[in-house]
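Please read these points with the structure open beside them.

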Amino acid sequence: MRNLCALATLACLFLGASQATRRPTAPVLQRLADVPLPGPALRFDYQSLDTTANRLYISHMDASELVVFDLESRRVEGTIPHLPRVTGVWAVPSLGTIYASVPGKHSVAVIDARTLRVKALVGEIGFPDGIAYAPRVKKIYVSDESGGGELVIDGPTSRRVTTIPLGGEAGNTIYDPGSERILVAVQTRNEVVEIDPRTDRVTARHELKGASRPHGMALDATDRLLFIANEGNATLLAFDLRTMEVVGTHPVGEDPDVLAFDPGWRRLYIASESGTVSVFTERAGRLVPDGDLTMPHAHTVSVDPRTHLVYLPLQNVHGRPLLRIMSAHEP
């Protein structure tokens, strides 16, 4: 890895390993602010951005708490403790509720968004991870990374509906508004599975050519592309939801984890356990690499579609956790 640029006090690193496919542009991300976060210098996991409440919910996994961050004031609004090993988080503004996967209790926490208090625990589920919401039926879908099946929760009653067998360990779960299906990455089968929320049945399985333990996902609902990161071979797949075929494969950082897609600027961010954040811009249905940057433990990322700001919780910078806020230049 080599340093390609320095803008005053803004530090941006690009990887030179794949220069043949990288465009020689200015840094795509620049550090805007570092905001201290509460708690010990331990691992973070998923995030959920709620544009209605102007909040970012951050799973502080190994601190067993959920951090509530105000996007306007750039201050921590509160924390929700006693969520052992919290992983996935998803805010549903229409229900006034936040859902958090709590592997330490083999359940999903149902949290009141106004009081920030847990009002129910729903389970049982082996290792709850990714969360998605199907708005038409008002159901929540939670993947089980231990292979126990997809947990379904009724939103209005906060009760378990069923568990859908998937035949393997599930990575992330995502809702596709175009097909009104739930999509699940079944990482031990190298498949994406479709679930019909009306019947809670698996309606299709799609083998992913070139996949190796597919885990993180992001969706371009407009151009019908699903982006899937593979933990096993450090690649990103572009999967066409019209043809149900892989239409592109790209190298990313080792052990990719969380993805975020900015629909306005058509920019995709892939954060990896190695600390590499890979950046792509979608142009005419194809992903064009913008470059990589590296930060310590930068394996989770989110993006605000209104401001295009990128949020990266970092577990240990000089002994303290912080939220790095980065600005991007328009493609």
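1. Two strands count as paired if DSSP finds at least two bridges between them. The model discussed here is predicted. In it, four strands form an open, antiparallel sheet, ordered β3-β30-β29-β28. At the edges are β3 (29-36) and β28 (302-303), each of which pairs on one side only.

2. Within that sheet, strand β29 (residues 310-317) runs antiparallel to strand β30 (residues 320-328), and six bridges join the two.

3. Ala 134 belongs to strand β12, which covers residues 128-134. Is Ala 134 buried or exposed? Its relative accessibility is 2%, and buried means under 20%, so Ala 134 counts as buried. Leaving aside residues up to four places away in sequence, Ala 134 touches Lys 139, Tyr 141, Tyr 175, Ile 182 and Pro 197. Asp 196 is 62 residues from Ala 134 along the chain, with 9.7 Å between the two C-alpha atoms.

4. The largest pocket has a volume of about 1,200 Å³. Its lining is made of 37 residues, and those nearest the centre are Ser 48, Leu 49, Trp 90, Ile 174 and Phe 261. Two or more lining residues come from each of β4 (47-50), β8 (89-92), β12, β16 (170-176), β20 (214-220), β24 (256-262) and β28. Thus β12, the strand of Ala 134, and β28, an edge strand of the sheet in point 1, both contribute to this lining. By residue class, the lining divides into 26 nonpolar, nine polar and two charged.

5. How much space lies in the second largest pocket? The volume there is about 160 Å³. This pocket is lined by 14 residues, with Arg 43, Glu 145, His 215, Glu 231 and Asp 257 nearest its centre.

6. The structure holds one aromatic pair. Phe 227 and Phe 261 form it, in a tilted arrangement with 5.6 Å centre to centre and 45° between the planes. Phe 227 lies in strand β21 (residues 225-230) and Phe 261 in strand β24, so the pair ties together parts that are 34 residues apart in sequence. Both Phe 227 and Phe 261 are buried. Phe 261 is also one of the residues nearest the centre of the largest pocket.

How values were computed:
Residues are numbered from 1 along each chain as its sequence is written. This is a predicted model: local features need pLDDT of at least 70, side-chain atom pairs count only at pLDDT 80 or more; totals for chains, interfaces and linings use all residues. Side-chain values use heavy atoms; hydrogens and water are left out. Buried means under 20% relative accessible area, exposed over 50%, partly exposed in between (1.4 Å probe, protein chains only). Contact means heavy atoms within 4.5 Å. On a 1 Å grid over the protein atoms alone, a cavity is a set of points where a 1.4 Å probe fits but cannot get out, and a pocket is an open set with protein on both sides within 12 Å along at least five of seven lines; lining residues have an atom within 4 Å of a point. Grid points are joined across faces, edges and corners, and a volume is the space filled by probe spheres set on the points. Ala, Val, Leu, Ile, Met, Phe, Trp, Tyr, Cys and Pro count as nonpolar, Asp, Glu, Lys and Arg as charged, and the others, Gly among them, as polar. Rings of Phe, Tyr and Trp (its six-membered ring) pair if their centres lie within 6.5 Å; planes under 30 degrees apart count as stacked, over 60 as edge-to-face and the rest as tilted.
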